[in-house]
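Subject: Structure handover

Hello,

Here is the structure I said I would pass on. My notes on it follow below.

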Amino acid sequence: MKMTKALVAAGLAVMLGAGTAMAEDGKIGLGYQGIFGGDPLNLNGVSARYWFNKNVGGELNVFYGAVGASHNSVDAGNADLFLGTAKVLYAPVVKQNSKFYVGLEGGYGSVSGDWIPSSVDVTLWTVTPFMGAEYSFAGLPELGLNFEVGYRMHHVDTSWPGSDLNVHVNGTFVSLGAHYYL
């Protein structure tokens, strides 16, 4: 029984690791990026990632989030968040099937909703230092799976005639993504 488990484990290691190569540099990867853990604003979005060479890359993301509220089964309103971000990636460690990278992300967005008066402007900007890794499989080298951990700093600015409210929402986050390199 132990020999069968050892053979299965060795077979999986060979299938997942042998001959694996990262998606070629100079190709664009399109896919998904989502913030899952720790951050007060969990967002999911579409993403485009591009490695200029084996160590330097960039990524653009568009996130959308919606919130609906009700009280005693009465609709109290809805709000929508749009956030666009750009990342700069640097990979000091590049292996045959993976990259470890560090980066900096910046973004800008807005919040709108049926309960927010038209005279009120709600904007959001974010700055995020992070580290992460991207991995590819031998059987599907054009698919890059990534995870990131960092510290996201949000600044929400709410302006209406005669008043201004600034809110800072900061915290550690975990992000997961998948990009298919064309």
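The count of salt bridges comes to 6. Please keep in mind that this is a predicted model.

Salt bridges around glutamate 59

One of the salt bridges joins the side chains of glutamate 59 and arginine 49, with an N to O distance of 2.6 Å. Glutamate 59 belongs to strand S3 (residues 56–71) and arginine 49 to strand S2 (residues 44–51), so the pair ties together parts that are 10 residues apart in sequence. Both glutamate 59 and arginine 49 are buried.

Glutamate 59 also meets lysine 87 in a salt bridge, here at 3.5 Å from N to O. This pair links distant parts of the chain, as lysine 87 sits in strand S4 (residues 74–94) and glutamate 59 in strand S3, 28 residues apart. Buried means under 20% relative accessible area. Lysine 87 has 5% relative accessibility and therefore counts as buried. Glutamate 59, at 2% relative accessibility, counts as buried too.

Arginine 152 and glutamate 105

Another salt bridge is formed by arginine 152 with glutamate 105, and the closest N and O atoms are 3.0 Å apart. Again the pair links distant parts of the chain: arginine 152 is in strand S7 (residues 140–160) and glutamate 105 in strand S5 (residues 98–113), 47 residues apart. Arginine 152 counts as buried because its relative accessibility is 2%. For glutamate 105 the relative accessibility is 3%, so this residue counts as buried as well.

The network

Which residues do salt bridges with shared partners join into one network? They are Arg49, Glu59, Lys87, Glu134 and Glu148.

Strands S6 and S7 run antiparallel and are joined by 14 bridges. They form a hairpin, with 2 residues between them. Within this pairing, glycine 132 has glutamate 148 in S7 as its bridge partner. Glutamate 148 is also one of the members of the salt-bridge network.

S7 pairs in turn with strand S8 (residues 163–181), in the antiparallel sense and over 18 bridges. Histidine 154 stands opposite valine 169 in S8. S7 and S8 form a hairpin as well, with 2 residues between the strands. In this hairpin glycine 162 takes a positive phi near 85 degrees.

Valine 62

The last item goes back to strand S3, where valine 62 is found. Leaving aside neighbours within four places in sequence, valine 62 is in contact with Gly45, Val46 and Leu83. Between the C-alpha atoms of valine 62 and glycine 109 the separation is 9.5 Å, and these two residues are 47 residues apart along the chain.

If you want a place to begin, I would open the model at glutamate 59, which has salt bridges to arginine 49 and to lysine 87.

Regards

Notes: Residues are numbered from 1 along each chain as its sequence is written. This is a predicted model: local features need pLDDT of at least 70, side-chain atom pairs count only at pLDDT 80 or more; totals for chains, interfaces and linings use all residues. Side-chain values use heavy atoms; hydrogens and water are left out. A salt bridge is a side-chain nitrogen of Lys or Arg within 4 Å of a carboxyl oxygen of Asp or Glu. Helices (H or I, at least four residues) and strands (E, at least two) are DSSP runs, numbered from the N terminus. Buried means under 20% relative accessible area, exposed over 50%, partly exposed in between (1.4 Å probe, protein chains only). Two strands pair if DSSP finds at least two bridges between them. Contact means heavy atoms within 4.5 Å.
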